[in-house]
Amino acid sequence: MSYSNKPFEELDVLDNFLMNAIAMNQEVGEAFCRKVLSVLLQRKIGKVKVVAQYTLPAQNPRYRGIRMDVKVEEPESGDGTRLANVYDLEPHLQKNLHLPRHNRFYQAKMDSRYMKRGDDDFSRMPNLFVITILNFDPFGYDYMMYTFENRCTEVEGLKYEDGLKFIYFNTGGTKGGNGNIKTMLQYLHHSTADNAMDDTTKELHGYVSRVKTAPEIKEEYMRFEEFLAYERKEAAQEAAQDTRIQSILELLEDYGEIPESLKEELQCADSDTLRRYHKLAAKADSIEAFTEMLCSHKASQT
């Protein structure tokens, strides 16, 4: 996923923040998701439960967790005791990801939530639809939607009934789909009154307008922008430090194998210290000489 730098008033549904703000809205969230899914999947979607910005933490701190944009659960029966379908509805504006493997990771983490310890009836797992909405063509064939599901390679027509589908929607595609899907995608991409060209998108635009005029949502977006600005600053600083460390290591690697203890010391150093270490590495004619310079530098600081 990616986040927009647009002013709040110019946000479209395809922007992550607005998608979540609408989905989380107690008055319109479920109706919004139900209508979007009904059009995109071309079938009636029944009663649903919406969980926006649903976080699945990593089981180990060395590995990343995931945060889905909108998770929609559709029960099999009226009492809601068993789920029929789960939909991960995710707008995606970032082009530098390997989407198939990215979504494979998401799918594995999501599936793990629907089997409890000791469960052995895997037939009770709900169908999972990983739905990615893009403002670019991920595969280059100009289709407005690409659907992937598992099949047998050797036996033509033999489906692999695992209940899993990956669907990629391309807002700029012209092939496949139909007029209703195209109208929906155009509205999600550019969410103006002019693009609300049928009854469904006009109703969606009413939901969007209601959320956009709520003062608390605009205030939340301002806080969200501050958070993103801080994250970007932190990421830029980390990238600069990584570059500095790599530059120091490249200066020293011609003199032999660099001790792990020295690499760890560089990793722990702050940006100002790394700048000084870089100057020392440029002057050193051996790893031992660099180490001695470090010791002298640290002694002078005490």
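**View 1. A cluster of rings: Phe139, Tyr143, Tyr146, Phe148 and Tyr168 are linked through ring pairs.** Rings of Phe, Tyr and Trp (its six-membered ring) pair if their centres lie within 6.5 Å; planes under 30 degrees apart count as stacked, over 60 as edge-to-face and the rest as tilted. Before zooming in further, a word on what you're looking at: this is a predicted model, where local features need pLDDT of at least 70 and side-chain atom pairs count only at pLDDT 80 or more, while totals for chains, interfaces and linings use all residues. Residues are numbered from 1 along each chain as its sequence is written, and side-chain values use heavy atoms, with hydrogens and water left out.

**View 2. The whole chain, for orientation.** You'll find nine helices and eight strands here; these are DSSP runs (helices are H or I, at least four residues; strands are E, at least two), numbered from the N terminus. Of the 302 residues in the chain, 40% are buried. Buried means under 20% relative accessible area, exposed over 50%, and partly exposed in between (1.4 Å probe, protein chains only). Take the contacts between residues at least 6 apart in sequence: 60% of them join residues at least 24 apart, where contact means heavy atoms within 4.5 Å.

View 3. Where pLDDT is low, the predicted coordinates should not be read in detail.

**View 4. Tyrosine 87 and phenylalanine 129, a stacked pair.** The structure holds nine aromatic pairs. In this one, the ring centres of tyrosine 87 and phenylalanine 129 are 5.1 Å apart and the planes sit at 25°, so the pair is stacked. Tyrosine 87 belongs to strand E5 (residues 83-92) and phenylalanine 129 to strand E6 (residues 127-134), so the pair ties together parts that are 42 residues apart in sequence. Both partners are tucked away: tyrosine 87 is buried at 0% relative accessibility, and phenylalanine 129 is buried with a relative accessible area of 10%.

**View 5. The largest nonpolar core, with its 45 residues.** A nonpolar core is a set of buried Ala, Val, Leu, Ile, Met, Phe, Trp, Tyr and Cys residues joined through side-chain atoms within 4.5 Å. Phe32, Ile131 and Ile133 touch the most other members of this one. Helix H2 (residues 29-41) supplies the largest share, eight residues. Leaving aside neighbours within four places in sequence, phenylalanine 32 is in contact with Val13, Met19, Ile22, Leu204 and Tyr207. There's also a second, separate core of 17 residues, which includes Ile248, Leu249, Ile258 and Ile287.

**View 6. Alanine 21, in helix H1 (residues 16-24).** This alanine 21 is buried, with a relative accessible area of 9%. Skip its neighbours within four places in sequence, and alanine 21 is in contact with Val211 and Ile217. The C-alpha atoms of alanine 21 and glutamate 220 are separated by 9.4 Å, though the two are 199 residues apart along the chain.

**View 7. Helix H3 (residues 99-111) and its two sides.** At 1.5 Å a residue, the 13 residues of H3 should span 18 Å, and the end C-alpha atoms are 18 Å apart, which agrees. The expected span is 1.5 Å times one less than the number of residues in the helix. Buried in H3 are Leu99, His102, Asn103, Tyr106, Gln107, Lys109 and Met110. They cover an arc of only 165° around the axis, which puts them on the same side of H3; the arc is that of the directions from the helix axis to the C-beta atoms. On the other side of H3, Arg101 and Arg104 are exposed.

**View 8. Helix H9 (residues 287-301), with a buried face.** Its 15 residues should span 21 Å at 1.5 Å a residue, and the end C-alpha atoms agree at 21 Å apart. Ile287, Ala289, Phe290, Leu294 and His297 are buried in H9. Seen down the axis, the buried residues of H9 fall within an arc of 155°, so they line one face of the helix. Glu288 and Glu292 are exposed on the other side of H9.
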